[in-house]
Amino acid sequence: MKPLNLIALLFFLGGSVWAFTRSDRAVREVQDGYFAAMSPFLRSGSKLESKAHAFRQETRHSKELEVELTAVRSSLGRLAMIESRFRELEHENERLRHALDYKKATHFNVVAAQVIRRQPTTWWQTVDIDAGEESGIGTQLAVLSNEGLVGKIDRIYKEQNRSSVLLLTDEKCQVSAKVEGSPEVGILSGQRGRFDGNPLLRLRFLSTDAALHQGQKVFTTGRGGIFQPNILLGTIDSVEKGALDSEALVRPAVNFADPGTVFVVLSADP
Amino acid sequence: MIRYSFITILLLLASFVIQEFLPAFTQLHQSRILLVQLVFLCSAITVEQPTMLLLAFIGGFFWDAHSALGPHGGNPEIYTQQVESMGFGYSIILFGAMGFLMQGIQPLFKQGKWRVSALLSGISIFLYLAAEYITITFIRGDFTLTRATVLQMASTSLLTMLFSPLIFWLLSRIAKGCGHSIHPQAGRNRRRTH
């Protein structure tokens, strides 16, 4: 081996060891620097995408829009009626709850966001959303959709008002879960190598004699310090009994192929 | 040569920007074009070993910055068996290994036989993805290899490999612009036949 090649190889190995020994905090700083350098390109890209989207919208046939407008107007009238009925019922419900001294339901302080990018990395199940630091979002906050739990915030892109969500379908996203109508609690997570539309989740560490049946709902326990209690996770699909514990496969409540608008929970009433 | 090496580094950095805009093809087994790895592999065969190692370090370092996941979080008393992901820096070694693999057929490439290199770039990407998956399995335990994973790796390699002639063409244009040849023996053979 040429001396220059040997020196280069030694430098390379030394650099690799240096990178391997970086702390979590140092890695985050490197990532912040990397995405800060990328931000002008990403911003320009997202502006171009918005312009292209606006152009596509404008070129839609006007008749199609007219039909849509008529349909929306009729829906609006119907929704106005429903809303007034809803307000009445809400008021009545509030009154009855007060009369029964009923425990107040948990209210979430949330920020709405749209998924702007799917699966930016090869192996991790993540999506990027268009809300970040400017909206008061931090890491390890729960992300919901109107169907149930979507995942948690894994990373904030500095100065971009964008963040990355680790989906419930990822093996690393663990949630303390309980099964409705049973004393069973376990840890729910995604499965490795399952990428198809709506992969099943694994509910582990159940008791050996877990009496569960298909269709039972699975909720968050609220233990573990990240997710609030009683958020719907999915329904039991099947149960596999083992010698030491049992495992259940859970069908997620959220359609991960199209989660639509998501909500980041900033805080929740106790 | 120095100018050419410097431009390949810039090209590698530019590929990171473009990679941010390349989506995953959900209809094609979640495959994607790994442009960063492709630019590195194609460049690795055209440069000397020290430059290849520098490219491997830059490529691996920024690739990990692009894709590393954050810490687990939550109460460790509840989440007793936390799932780890690959540590920062593992890609540097993988890039280096791929680079050495590509340099193994550098004599053929210098003769102008770039098709073999294009094919090897696809194989290298497959091996790279397989190595990543094996590393994840080694760290997390419980070996599972699904059909979906194999199809994802194969389609990603194939899709990426299809773009290698374009990168080789770009590199040869850059080399020409720098007054350098990436196929020196092919040029000599051509002159002899004339």
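Visitor: How many residues of domain 1 of chain A are in contact with domain 2 of chain A?

Guide: Two residues are in contact if their C-beta atoms, placed from the backbone, lie within 7 Å. By that rule, six residues of domain 1 of chain A are in contact with five residues of domain 2 of chain A. Before going on, note that this is a predicted model: local features need pLDDT of at least 70, side-chain atom pairs count only at pLDDT 80 or more, and totals for chains, interfaces and linings use all residues. Residues are numbered from 1 along each chain as its sequence is written, and chains are lettered from A and ligands numbered from 1 in the order in which they are written.

Visitor: Which classes of residue make up the side of domain 1 that touches domain 2?

Guide: Ala, Val, Leu, Ile, Met, Phe, Trp, Tyr, Cys and Pro count as nonpolar, Asp, Glu, Lys and Arg as charged, and the others, Gly among them, as polar. On that side of domain 1 of chain A there are three nonpolar, two polar and one charged residues.

Visitor: What is the span of helix H1 of chain A?

Guide: Helices (H or I, at least four residues) and strands (E, at least two) are DSSP runs, numbered from the N terminus. The expected span of a helix is 1.5 Å times one less than its number of residues. H1(A) covers residues 3–20, which is 18 residues, and reaches 26 Å from its first C-alpha to its last, close to the 26 Å expected.

Visitor: Which residues of H1(A) are buried, and which are exposed?

Guide: A residue is buried if 20 or more other C-beta atoms lie within 10 Å of its own, exposed if 12 or fewer, and partly exposed in between; the C-beta atoms are placed from the backbone. Phe12(A), Gly15(A), Ser16(A) and Ala19(A) are buried in H1(A). Seen down the axis of H1(A), the buried residues fall within an arc of 100°, so they line one face of the helix. The arc is that of the directions from the helix axis to the C-beta atoms. On the other side of H1(A), the exposed residues are Pro3(A), Leu6(A), Ile7(A), Leu10(A), Gly14(A) and Val17(A).

Visitor: What do the buried residues of H1(A) pack against?

Guide: They pack against two helices of chain B, H3 (49–67) and H4 (90–103). Taken over the two chains, 45 residues of chain A are in contact with 44 residues of chain B. On chain A's side, the elements that give two or more residues are H1, helix H2 (24–58), strand S4 (149–157) and strand S7 (185–189). That side divides into 18 nonpolar, 16 polar and eleven charged residues.

Visitor: How many helices and strands are in chain B?

Guide: Chain B has nine helices and zero strands. Its C-alpha trace spans about 75 × 35 × 30 Å along its principal axes. Of the 194 residues of chain B, 42% count as buried. Among contacts in chain B between residues at least 6 apart in sequence, 77% join residues at least 24 apart.

Visitor: In which sense do strands S10(A) and S11(A) pair?

Guide: Two strands pair if DSSP finds at least two bridges between them. S10(A) (residues 232–241) and S11(A) (residues 246–252) pair in the antiparallel sense over seven bridges. They form a hairpin with four residues between them. Strand S9(A) (residues 217–220) also pairs with S10(A) in the antiparallel sense, over three bridges. In S10(A), Gly234(A) is the bridge partner of Val218(A).

Visitor: What is the bridge partner of Thr235(A) in S11(A)?

Guide: The partner is Arg251(A). Arg251(A) counts as partly exposed, with 17 C-beta neighbours inside 10 Å. Leaving aside neighbours within four places in sequence, Arg251(A) is in contact with Leu200(A), Gly234(A), Thr235(A) and Asp237(A).

Visitor: What is the phi of Gln140(A)?

Guide: Gln140(A) has a positive phi of about 60° although it is not a glycine. Gln140(A) sits in the loop between strand S2 (126–129) and strand S3 (142–144) of chain A. Phe205(A), also not a glycine, has a positive phi near 65°, and lies in strand S8 (residues 201–206) of chain A.
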